[in-house]
Amino acid sequence: MPHKTFFWFFFPSGLAMVLFIGLPIFSSFFQSLHIEPEQILIEVETCDPFGCETEVQVDQEATALARAENPLGRFNGLETYKDRNHLAFGEVKEAWVSTNNFSDFMKKVLNLPFYKSLLFTLTFCFSVTPCVIVLGFIVALSVNVLAKSIKGMVIFGTILPMIVTPLIGSLVLFWMIDSQGILGATIQIIFDDPNLSLKSSKKLTWITLIIYGIWHNTPFAFVVFYAGLQTVPQDPMEAAVIDGASRSQRVRHIVLPHLYPVATFIALICLMDNFRVFEPIIGFSAEGVAQSLSWMIYKDLRNETLMLFGSAGATSMLTILGVGILLTPVLIRTWKEFKTER
Amino acid sequence: MESKVNKYSKQLIIINSIFIIFWLTISVFPFLWTLWGSLKVKADFFSRADWYYAISGFNTLIETGRNFTLNGYIESWTEGEFGRAALNTIIVTISVVSISLFLGTLGAYALSRSTYKYTFWILIAALIFRAMPHITLVSGYLFPFFQFGVWGILPTTIIVLVAINQPFTLWLLYSFFKTVPKELDESALIDGCSYFQAFRFIIMPVMWPGVITAGLFSLMLAYNDFTVTALLLNQENYTMVPKINAYLGTVEYGGNYMWAVASVVSATAPLFMIVMFFQRQLISGLTAGAVKG
């Protein structure tokens with residue numbers, strides 16, 4: 001296809017991506033270099049029968065004016081990245097000096113907002129993904145065995161958790177595990193502890209969120225594995241049966257190696273998607289004990305008084321950096337594939 | 001050939017059936033339970049005293065005089081203005097699906113038929129774009145959108161969703177176009193068709209399965225989106241998902257839980273029906289990327 005034809009065919013799609021995916025990344029970066037105008041303070045003297053007092057107040061009008069004049073705020077360089085809510089170099093250094101052993105130091109660092117979110121995001125990613133792969137594989141194997149007549153129905157039921165949006169999915173589960181919901185109340189009865197609630201402790205909330213993540217992602221792994229199972233070559237299977245291999249041996253030595261590339265595909269997609277976890281945190285109202293990187297950005301943008309564009313921008317850039325690191329293996333794989341194709 | 005490979009012992013079949021029933025319970029029951037609960041009053045669905053009330057409908061009987069009530073639905077659709085949100089969702093979904101299919105088929109066709117190296121780099125760029133968390137993009141949009149005064153309205157959100165959706169649509173349709181033999185459009189070109197005519201009259205008619213799959217994924221993205229719609233739309237223009245979130249926590253609606261429960265059911269039911277109808281296409285789309293790799 002000549003360059004010119006290609007250009008016109010691709011132009012609308014390319015334009016949309018450049019304008020609304022490429023540019024915002026730069027815009028985010030640009031914002032992260034700026035900081036919101038500070039509030040302008042004035043001293044006000046208030047007098048009452050008991051005498052006069054001077055107090056410092058926010059001059060709303062002047063602040064609004066300053067913000068209207070220069071909405072992006074003043075240039076701040078990389079300072080936002082270094083502040084307490086992001087990489088917090090100062091605090092980390094302080095923690096290093098003031099603590100004697102490594103675990104105390106880690107405890108201190110992981111209490112800083114950014115590192116706390118990073119820890120949750122990574123924990124979520126790396127605990128959900130392996131479980132999803134194993135569970136998805138098992139479900140695929142057992143659905144594959146079913147009779148044709150009920151397969152369609154079972155597949156439909158299986159993929160339901162995946163097709164609802166994470167917010168709705170997490171709400172549906174949240175209403176059940178609520179201490180007044182069916183599961184929450186049952187658990188209280190089983191453990192005979194009327195105060196036991198999945199929301200009450202940090203550990204339990206994290207586990208709940210991870211279970212939700214598994215529930216939501218397993219159908220995807222199932223569907224992909226199921227499709228992969230259909231392509232398993234039959235000849236080696238026949239040969240294995242004749243040689244007297246048991247079912248588990250066949251799965252281990254023929255099916256698994258065949259599905260290995262499929263598993264890596266699922267792993268990477270899962271990691272990528274779970275790295276942006278944030279809707280379940282809202283659905284489970286878990287903001288107090290579990291924050292993710294995406295949730296931090298959301299919080300900055302949802303700020304009641306003033307949107308913290310600078311702070312959101314800086315977190316965004318750090319998140320994108322994280323995605324980049326996760327994505328490197330995929331890129332290398334695609335590059336190799338492309339080379340062998342030529 | 002029905003061979004020994006597909007013979008299963010009785011034991012295996014029993015274990016397998018138990019597992020499947022267990023699994024289906026996990027994946028389906030929460031939705032059935034929510035549907036059931038949406039027909040009760042709050043005191044039953046979130047019953048402090050005894051969760052068995054949720055089944056017997058004890059308080060529902062006292063409060064409304066019947067075992068089931070449609071109050072949650074009626075109130076959320078009238079007072080809660082859920083109808084407005086539903087209409088917005090329909091507008092957004094239809095626009096996003098049609099625009100992104102239009103752009104996506106053109107772009108993916110070009111990518112699949114060009115032999116130059118830059119197509120590879122474009123696909124890689126699309127892959128990177130696909131991985132971007134949506135919220136990082138939104139943080140980049142908000143400021144310029146405020147400045148240009150286009151924040152809060154539906155068209156902006158539609159265009160943004162189309163763009164966010166493009167990388168995946170391109171990859172998906174690209175792999176579908178690759179399966180259509182090149183000779184088909186080459187012969188059309190020799191007969192004097194332009195590239196666009198070959199695309200429109202020769203290739204598109206055989207591409208329907210792929211287009212439906214891609215359309216279904218665009219539909220799910222647009223219908224389900226929370227990140228973009230919650231931050232880029234103002235309250236009046238909210239689509240269904242941010243509206244449900246608004247029922248839960250804001251002062252305006254006073255955390256009206258049963259509205260949220262009823263609207264969750266109202267929002268989920270159409271999606272399930274669509275998916276039931278197009279299930280096969282959905283699965284072929286999910287596997288398009290994997291089976292080759």
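**Chain contact, domains and a helix crossing**

In this predicted model, the contact between the two chains draws on 84 residues from chain A and 80 residues from chain B. On the side of chain A that touches chain B, helix α1 (residues 3-32) of chain A supplies the largest share, with 17 residues. Sorted by class, that side of chain A is made up of 60 nonpolar, 20 polar and 4 charged residues. The model as a whole scores ipTM 0.85 and pTM 0.86.

The mean pLDDT of chain B is 83, with 89% of its residues at 70 or more.

Chain B is assigned two domains, domain 1 spanning 4-70 and domain 2 spanning 76-292. Taken over C-alpha atoms, the centres of domain 1 of chain B and domain 2 of chain B lie 32 Å apart. Where the two meet, 9 residues of domain 1 of chain B are in contact with 7 residues of domain 2 of chain B. On the domain 1 side of this contact in chain B, α1 (10-37) and α2 (42-45) of chain B each provide at least two residues, and α1(B) gives the largest share, 4 residues. By class, this side of domain 1 of chain B holds 5 nonpolar, 3 polar and 1 charged residues.

The axes of α6(B) and helix α12 (residues 208-224) of chain B come within 9 Å and cross at roughly 140 degrees. Angles over 145 degrees would count as roughly antiparallel, so a crossing at roughly 140 degrees makes α6(B) oblique to α12(B). The crossing of these two helices, α6(B) and α12(B), is right-handed. From α6(B), the residues making the contact are B:Thr89, B:Val92, B:Thr93, B:Val96, B:Val97, B:Ser100, B:Leu101, B:Gly104 and B:Thr105. From α12(B), the contact takes in B:Val211, B:Ala214, B:Gly215, B:Ser218, B:Leu219, B:Ala222 and B:Tyr223. By class, the contact of α6(B) with α12(B) has 9 nonpolar and 7 polar residues, and no charged residues.

Key
Residues are numbered from 1 along each chain as its sequence is written. Chains are lettered from A and ligands numbered from 1 in the order in which they are written. This is a predicted model: local features need pLDDT of at least 70, side-chain atom pairs count only at pLDDT 80 or more; totals for chains, interfaces and linings use all residues. Domain bounds come from an automatic or database domain assignment. Ala, Val, Leu, Ile, Met, Phe, Trp, Tyr, Cys and Pro count as nonpolar, Asp, Glu, Lys and Arg as charged, and the others, Gly among them, as polar. pLDDT is the predictor's confidence in each residue, from 0 to 100. Axes are lines fitted to C-alpha atoms, for helices over the stretch in contact, and angles run from 0 to 180 degrees between N-to-C directions. Angles under 35 degrees count as roughly parallel, over 145 as roughly antiparallel, 65 to 115 as roughly perpendicular and the rest as oblique. A crossing is left-handed if the near helix is turned anticlockwise from the far one by less than a right angle, and right-handed if clockwise.
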